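Welcome! Below we will visit a pocket and then some aromatic rings. Have a look at the structure before reading on.

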Amino acid sequence: MTTVCPEATDRMPTASVRDATSRAMESVAHALASAYAEPHEAQRYARHAAPSRASVRRLLRDLLVLFYPGYFRPTSAAPGRAQVEVQLTRLHAGLSAQIWRALSSPDHARAAELATELISSLPLLRSQLLDDLHAAKSRDPSARGAAEIILCFPGLLALSIHRVAHRLYALGVPLLPRMMSEWAHAQTGVDIHPGARIGRGVFIDHGTGVVIGETSVVGDEVTIYQGVTLGARSLPAAPHDAARRHPTIGDHVTLCANATVLGGTTQVGRGAIVGAGALVLEDVPAFVRVGAGEIRARSPRAACSGPRRPDVWFQI
């Protein structure tokens, strides 16, 4: 004889509860289906699927394997030409498939061409990343070697993904570059729009809260600390306005923690230092240090003069 636990029977829904649940499901299904029938940009009905986030993550991992052999996939010796060619062939197939999904008018031949363009740029991208790696080693006294930087430093990971995403952005591939940059954002706390142009030997230290807008230009050998924002002063007059909204940062500039530089015409000159917490809305001359309530001219080797009153272009 089967004994029914009293607690189990108490948890079983009664007929009236089941009927109420069924009616609720019918009502919600009707409401959602009716909404889906109305045109809206939050809905996508197409014969081909949108790019897959999981596939994009796998592609990025494959790219990291090519950029830093032995760190993201074990290997006992330098990969030979045949092995690399196999990796590139697999990468090309995956890229082509995701680019095809991203194109507004899917075209397999065009998707394959764009994938080939990106893969052709990998030697240059890796050369840029090796400069970024060297920058981290030379400017961060806490770095204990390349392995620590490659596997642990969020700034290098963010730059690794950005350089790929920017290349796709420059090729005119829609959606996919932003999916890559947002994955990097989620992993590192560094938010770099794929449209931003970033030079060689850039070091992003700590990384958390760094925001670099779409039309930003960052020169060579720039150091960026946590919380830095390269942003716009106002919203564009029209959506997708091509006008510059974000600043230009010259070579060898240091942007200290929580510094904010805004505006499409704002330029920070070569060798300048923007101090922690500074808000810059106008041009900063070359070799000038902008800090909390002071401005100092400086040469590449040493400061040239003491503090004086801040000019109108500098705000704290």
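Helices (H or I, at least four residues) and strands (E, at least two) are DSSP runs, numbered from the N terminus. The model is predicted, so local features need pLDDT of at least 70, side-chain atom pairs count only at pLDDT 80 or more, and totals for chains, interfaces and linings use all residues. Residues are numbered from 1 along each chain as its sequence is written, and side-chain values use heavy atoms, without hydrogens and water.

Let us start with the lining of the largest pocket. Its largest share, four residues, comes from α4. At least two residues each are supplied by α3 (53-67), α4 (81-102) and α6 (122-139). By type, the lining has eleven nonpolar residues (Ala, Val, Leu, Ile, Met, Phe, Trp, Tyr, Cys and Pro), two charged ones (Asp, Glu, Lys and Arg) and four polar ones (the others, Gly among them).

Now to the rings. Two aromatic pairs are found in the structure; rings of Phe, Tyr and Trp (its six-membered ring) pair if their centres lie within 6.5 Å, and planes under 30 degrees apart count as stacked, over 60 as edge-to-face and the rest as tilted.

| Pair | Centre to centre | Between the planes | Kind |
|---|---|---|---|
| Phe67 and Tyr68 | 6.3 Å | 70° | edge-to-face |
| Tyr68 and Phe72 | 6.3 Å | 45° | tilted |

These ring pairs link Phe67, Tyr68 and Phe72 into a cluster. Phe67 has a relative accessible area of 2%, so it is buried (under 20%; exposed is over 50%, partly exposed in between, with a 1.4 Å probe and protein chains only). Tyr68 is buried too, at 4%, and Phe72 is buried at 18%.
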